[in-house]
Amino acid sequence: MSIMEDAALDLRLRTAAADWLTERAQHQRELATQAELAEFIFEGRRVALLDRQRGIRKPAFLDAALSFRTRYTPPGHLPPYEDREGPDGLLRYKYRGEDPEHPENVALRRAYEHGLPLIWFVGIAPALYLPRYPVWLIADEPQQLQFVVALDEAQRLIVPGDAVGTERRRYVERLTRLRLHQPVFRARVLQAYGTRCAICQLRHGSLLDAAHIIPDGQPAGDPVVPNGLALCKIHHAAFDQNILGIRPDHRVEVRPDIRKEVDGPMLRHGIQEMHGRQISLPRQRSAHPHRHRLEARYEKFRTAA
Ligand SMILES: [Zn+2]
């Protein structure tokens, strides 16, 4: 095949893969299992979007990598992407091993050199991934054994390696929160809670949020599962507004004045009857809310009441 034909094939595959992932997301199936990703069909043949063994996927008929992944880390372990921003605020993706010429690193470098869009699969649970796409590698840092990742078009415009001003850096980091940290937090919290509201058990995924116990932006307000609760929209808002609180012993407490209020069925069944209920917790102990976070947040609720 000619170089032109190769490039056209490469583009068709990347486009088809992105379309397939988008189609899934529109049907509430944004997360994909390793098995589902292995069954992707492109122009009549099976082309796994993710390699079972390797962190980087390069189909044999392509010249460059198609995807890379970050494995799931259980709560309590440092997420691999955390604190890995460079002086420019952009994320780094570490090489496979220490050899810049390892075939997987070479495949990623090709994607970087040709400015090709990649898919980043972020582990949500074992063998379950949240795809982020398109993303680009915008620099190679062989000294540090890593590539610089841009999560969207705006980040692609940043010149990697330069220390940037506070304002600029904050902007870059806000994009990272929006494109990566928040969606990953939401997916991991919902997954941990079995896609159910911890207070009322509502199971409708599109009506659920991952609520922060300690709000985002405050010290200890980081987007980790033990700082999260899966809550439905109503209970999330009620929690944020201190209409109800969650005691450190995991019981729901509805604010006294709200308990006396007379209103329709939503207030009665949806809020007042939740008073004294035990919230449901993730099966995995390490995913439970941290007690000190619940205590700090409950104190805020009490002083607001
Ligand atoms: Zn609820």
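This is a predicted model: local features need pLDDT of at least 70, side-chain atom pairs count only at pLDDT 80 or more; totals for chains, interfaces and linings use all residues.
A quick word on conventions. Residues are numbered from 1 along each chain as its sequence is written, and side-chain values use heavy atoms, without hydrogens or water. Local features need pLDDT of at least 70 and side-chain atom pairs count only at pLDDT 80 or more, while totals for chains, interfaces and linings use all residues.

Let's start with the overall layout. The protein divides into domain 1 (3–168) and domain 2 (191–304), with bounds from an automatic or database domain assignment. Their centres, taken over C-alpha atoms, are 34 Å apart. Eight residues of domain 1 are in contact with seven residues of domain 2, where contact means heavy atoms within 4.5 Å.

Now for the pocket. The second largest pocket holds about 470 Å³ of space. For the record, a pocket here is an open set of points on a 1 Å grid over the protein atoms alone, where a 1.4 Å probe fits, with protein on both sides within 12 Å along at least five of seven lines; lining residues have an atom within 4 Å of a point. The volume is the space filled by probe spheres set on the points, which are joined across faces, edges and corners.

Which residues lie nearest its centre? They are Gln28, Glu30, Leu31, Arg186 and Leu190, out of 19 lining residues. Helix H1 (3–26), strand E8 (128–141) and helix H5 (166–192) each give two or more residues to that lining, and H5 gives the most, with five. Helices (H or I, at least four residues) and strands (E, at least two) are DSSP runs, numbered from the N terminus.

In the loop between strand E7 (118–125) and E8 we find Ala127, a non-glycine residue with a positive phi near 60°. Thr195 also has a positive phi, about 50°, and lies in the loop between H5 and strand E10 (208–212).

Finally, the cysteines. The whole structure has zero disulfides, a disulfide being a pair of cysteine sulfur atoms within 2.5 Å. Cys197 is buried at 0% relative accessible area, whereas Cys200 is partly exposed at 25%. Buried means under 20%, exposed over 50%, and partly exposed in between, with a 1.4 Å probe and protein chains only.

Thanks, everyone!
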